[in-house]
Amino acid sequence: YFHRILELDLIVRDEDGNILDPDKTSVISLFHAHEEATNKITERIKEEMTKDQPDYASYSRMASSPTHSLYVFVRNFVCRIGEDAELFMSLYDPQKLTIISENYLVRWGSRGFPKEIDMLNNLKVVFTDLGNKDLSRDKIYLVCQIVRVGRMDLKDSNSKKYTQGLRRPFGVAGN
């Protein structure tokens, strides 16, 4: 729903909420799942727009358990890595030492741009379903984990020894 409002790519999921893997799902099944999800979202948007009078029962239900969202727009990532990287952003509770959201993945190229160049100024994410319990925490950090993807050692000059595609932890930052 929020991806459609923000004009982001639609993430198609199965009945259990798992992301459908395009490598393991047929094109026809992906199309039908995408079509079904689009129809549900369109119906929900129509419902939201046609509400002339408030539904007091749903209003009281929402008031008793409100949810909040956090919108993050990644403008740039500056870190000299020398190879491709994966950035994982999530919300973290430092007192309970736990991550309280799903990861947002950005694939970053070795040249300092997103791997999908059309995403250059379109790296947006909405962390949803944050409740009053989450807002009452003393602190919540936005944590970015950086994973380098490439050779075992950046200093390897012998091309015969190159290993490709290895995922190595590079760094972490929080704010």
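Visitor: Is Phe113 buried or exposed, or partly exposed?
Guide: Phe113 is partly exposed, with a relative accessible area of 43%. Buried means under 20%, exposed over 50%, and partly exposed in between, using a 1.4 Å probe and protein chains only. This is a predicted model, where local features need pLDDT of at least 70, side-chain atom pairs count only at pLDDT 80 or more, and totals for chains, interfaces and linings use all residues. Residues are numbered from 1 along each chain as its sequence is written, and side-chain values use heavy atoms, leaving out hydrogens and water.

Visitor: Where is Phe113 found?
Guide: In the loop between strand E4 (104-108) and strand E5 (123-130). Strands are DSSP runs of at least two residues, numbered from the N terminus.

Visitor: And Pro114, buried or exposed?
Guide: Pro114 is buried, with a relative accessible area of 5%. Pro114 also lies in the loop between E4 and E5.

Visitor: What does Pro114 touch?
Guide: Leaving aside residues up to four places away in sequence, Pro114 touches Arg107, Trp108, Gly109, Met119, Leu120 and Leu123. Contact here means heavy atoms within 4.5 Å.

Visitor: How far is Pro114 from Glu86 in space?
Guide: 9.6 Å, C-alpha to C-alpha, though they are 28 residues apart in sequence.

Visitor: New topic: which residues does Tyr104 touch?
Guide: Not counting residues up to four places away in sequence, the contacts of Tyr104 are Val74, Leu87, Phe88, Met89, Leu123, Lys124, Val125 and Phe127.

Definitions and conventions
Helix = DSSP H or I, 4+ residues; strand = E, 2+ residues; numbered from the N terminus.
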